[in-house]
Amino acid sequence: MKSRSLITNVALTDRPGLVDGASVGLAIAHDSAERHVRGSAAYVDDLPEPSATVHVAPGGAGSARGAIRAMDLEAVHASPGVLAVLTAADIPGVNDCSPAFGDDPILADGEILFHGQVVFAVVAETRDAARRAVRRACIEVESVAPRVTVDDGLAAGVDVMAPYEFRRGEPASAIAAAAYRLEDTVRIGGQEHFYLEGQAALAVPGEADEIQVVSSTQHPSEVQNLVAHMLGVPGAAVVCECRRMGGAFGGKESQAAQWACLAALAAHVTGRPAKVRLDRDDDMTMTGKRHDFRVDWRCGFGGDGVLEGVDVELNGRCGYSADLSLGVNDRAMFHADNAYYYPAARIHSRRVRTDTVSNTAFRGFGGPQGTLFAERMMDAVAITLGLDPLLVRKRNLYAPGRDVTPYGMRLDDHVVTRIVRRLERTSGYAARRRAIARFNAGAERAGRAGRGATLRKGIALTPVKFGIAFTLKQLNQAGALVHVFTDGSVQVNHGGTEMGQGLYIKVAQVVAEEFGIGIDRVRITATRTDKVPNTAPTAASSGSDLNGMAALRAARTIRGRLAGLAARLYQVREADVAFRGGVVRVGAETIPFERLTQLAFTERVSLSSTGYYATPKITWDRDTASGRPFLYFAGGAACSEVTVDIETGEMRVDRVDILHDAGRSLNPAIDMGQIEGGFVQGMGWLTTEELVFGKDGRLLTHAPSTYKIPTCSDVPADFRVELFEPGRNREPTIHRSKAVGEPPLLLAISVFSAVTHAIASLAPGRVPPLDAPATPEAILRAADAMRGDGSRDGDHRRSRRPLKRTD
């Protein structure tokens, strides 16, 4: 499958599965695609509001850190349309919306921990009235200087949890004995989720203590539990529902809970339905981001570029609370090797506490940050030795005999090596690199001659190895509920949530194929905690793996009953019963699928079943740093070519070639879309999306006017995407497919490396001091540093340790 533009060049199947019953592997459109285009897909704010619905707006103080000395809310109460003003004192149960550690108050109580923290909430007849009333609050805070940056937190020595480390061999000795040694610091920026649909929730009170919450959340079960704990009611009294989200990217895994809790609290206090929908500025200010990191590293290597020892400290800014920082920072450690073998290694992590909003899950969950370090190190080694970075990368790839990760998991599938070699050939990497070298040499000569050549080009080919599974073992499970009706139609419910990634259509394809019927006869219903309970979040790229397998098992149970019934009624063996093309072949007989389901009802055979799946082989023990954290690895590679203007810092991505392994793809159209979208989102993280906080802890980039996500014009005009055709998962996943949600985002690291290559041409042998994101300002600073021009150093907000070479 190939694509040469953002619009995937895959022929969509109009009515799949009606000829031979095969649905899996077909390029079927997203189940809501037409509704997305027409604007008729209903999100939380689009749902008809129940009669007497009230609206909730959160309010805060102007400080980033300090004790609350006084809070005057009289003017808020007196505002037109206001029905109630909620504070921590109004919470009947537990004032907490954290996913694990009990350190995220729903409403601040006694102290402010970050700028934008919610202190109170206004309940009013209209959203406008609630938002206007919020501004009339008078809150006095005894402010203290906040710790804003990673450096601030490190200097204060404060963490949200204890440091953690992987170690193999004696890295210090290996580095000291190496022929070449490098030491550097790279800073990796965070990222705003910028989902199209902001945080939203609608709570409707029911009988007695019952309440239903419709939430834009990746984790309905967690919302259910936190609402129940807040209200002091049993979990069975709360139902959480999510039909779809307008994007999430991890930002609605844990952080959707606070807004659902506020809606539920308002409904509890007023006895009326209550809705919360955050304004974009409030959403960006009040919710967490991708963790930004300061990475301090050193390595030792030989003259061939092969690593001998690696020592890295991954210092992640977590914000004021733990949230999901345990898993995010662990995942950064798990991917600090990317696809490379480290003979001796120390991988150390600090979860740094700052007085800023608590950072949270974001597509890749720390993996992109760890991988970016690995690729930065590869580039530094290659530039230092004057070697082609791809050659250095290939020499360090995992291989038989060099196949154990720093955390002790052995790789038994070296598909990344095959992908890299194939992409090197199909992208024309070698010839293009030679052409770029000639271009840059010509620009250098023109510059010396005073002809003002300001453009430099760069190219990079980088691999991705991404572990698939939740590293928290108990999350690797899923449930599903399948009903077959007597007219032959099928209804499926499972614990996964749809956020645009195509999970619902993939699961529908799996069920349709199991029954041998067309996809048009399968309906996936909204995720609800009263249908499938105790679910894991839809995250870690495991949605299809988990929920697809659970639905398969439920459908297979029903199919087994139907096969047994057909065998009994027609006096054949069960092995002679086949479901295909919308009919059931029973020996020499053929009957419509719906006829068999009618017979099942007549014969009192159940047409409903649950299904359950737990990921096998996951044995990771964090306390001992041993075991197996992943079921398998997804792999891919990208080759990116860029042009950089060294006088303005502007950058253009000229061409991108991607080769990605989706295993036996459940739906190539959906997977191609995920690859393209993930790459562009990763490109934004590394080139345009810069989060800027003031010294007072305020987020200064809290709107699209100051925070720049990629636009259509940023997408490469020459964008080639191909699925690795020999792909097939060695592990028994759902139809031998592989996850594609998160891994493609890491392919965009090739753009950052290509920019590094372009700037490095200014001073061969020197590693550009380029941090991420590579904004025009960052590129210009790096280019100036390479040319020895310090005239713009005053614009640099962050100090950096110079690259040190010892050999």
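Is Ser98 buried or exposed, judged by relative accessibility? At 5% relative accessibility, Ser98 counts as buried (buried means under 20% relative accessible area, exposed over 50%, and partly exposed in between, with a 1.4 Å probe and protein chains only). The views below come from a predicted model, in which local features need pLDDT of at least 70 and side-chain atom pairs count only at pLDDT 80 or more, while totals for chains, interfaces and linings use all residues. Residues are numbered from 1 along each chain as its sequence is written, and side-chain values use heavy atoms, with hydrogens and water left out.

**View 1. Ser98 in its loop.** Ser98 sits in the loop that lies between strand E4 (82-86) and strand E5 (111-112). Helices (H or I, at least four residues) and strands (E, at least two) are DSSP runs, numbered from the N terminus. From Ser98, the side chain reaches the backbone nitrogen of Gly102 at 2.7 Å. This is listed as a polar contact, a pair of N or O atoms within 3.5 Å; within protein, one must be able to donate a hydrogen and the other to accept it, and residues adjacent in sequence count only if both atoms are side-chain atoms. Leaving out residues up to four places away in sequence, Ser98 touches Asp103, Asp104 and Leu226. Contact here means heavy atoms within 4.5 Å.

**View 2. Helices H6 and H7.** The axes of H6 (residues 220-231) and H7 (residues 257-270) come within 9 Å and cross at roughly 40 degrees. That makes H6 oblique to H7. Axes are lines fitted to C-alpha atoms, for helices over the stretch in contact, and angles run from 0 to 180 degrees between N-to-C directions. Angles under 35 degrees count as roughly parallel, over 145 as roughly antiparallel, 65 to 115 as roughly perpendicular and the rest as oblique. The crossing of H6 with H7 is right-handed; a crossing is right-handed if the near helix is turned clockwise from the far one by less than a right angle, and left-handed if anticlockwise. H6 brings Val223, Leu226, Val227, Met230 and Leu231 to the contact, and H7 brings Ala257, Ala260, Cys261, Ala264, Leu265 and His268. By class, this contact of H6 with H7 has 10 nonpolar, one polar and no charged residues. Ala, Val, Leu, Ile, Met, Phe, Trp, Tyr, Cys and Pro count as nonpolar, Asp, Glu, Lys and Arg as charged, and the others, Gly among them, as polar.

**View 3. Helices H15 and H16.** H15 (residues 543-570) and H16 (residues 593-602) have axes that come within 10 Å and cross at roughly 85 degrees. The two helices, H15 and H16, are therefore roughly perpendicular to each other. Leu562, Leu565, Ala566 and Leu569 of H15 make the contact with Phe593, Leu596, Leu599 and Ala600 of H16. The residues of this contact of H15 with H16 are eight nonpolar, no polar and no charged.

**View 4. Ala555 in helix H15.** Ala555 lies in H15 and is buried, with a relative accessible area of 0%. Its contacts, not counting residues up to four places away in sequence, are Val482, Val511, Glu514 and Phe515. Ala555 and Thr610 are 55 residues apart along the chain, and their C-alpha atoms are separated by 8.4 Å.

**View 5. Helices H10 and H19.** The axes of H10 (residues 367-385) and H19 (residues 749-760) come within 10 Å and cross at roughly 30 degrees. H10 and H19 are therefore roughly parallel to each other, and their crossing is right-handed. In H10, Pro368, Thr371, Leu372, Glu375, Arg376, Asp379 and Ile383 meet Ile749, Phe752, Ser753, Thr756 and Ala760 in H19. The contact of H10 with H19 divides into six nonpolar, three polar and three charged residues.

View 6. Most residues other than glycine have a negative phi, and most peptide bonds are trans. Ala52, in the loop between helix H1 (33-38) and strand E2 (54-60), has a positive phi near 70 degrees. Ala52 is partly exposed, with a relative accessible area of 37%. Ala208, in the loop between strand E10 (200-205) and strand E11 (211-215), has a positive phi of about 50 degrees. Ala208 is exposed, with a relative accessible area of 84%. The peptide bond from Ala772 to Pro773 is cis, with omega near 5 degrees; Pro773 is found in the loop between H19 and helix H20 (776-787).
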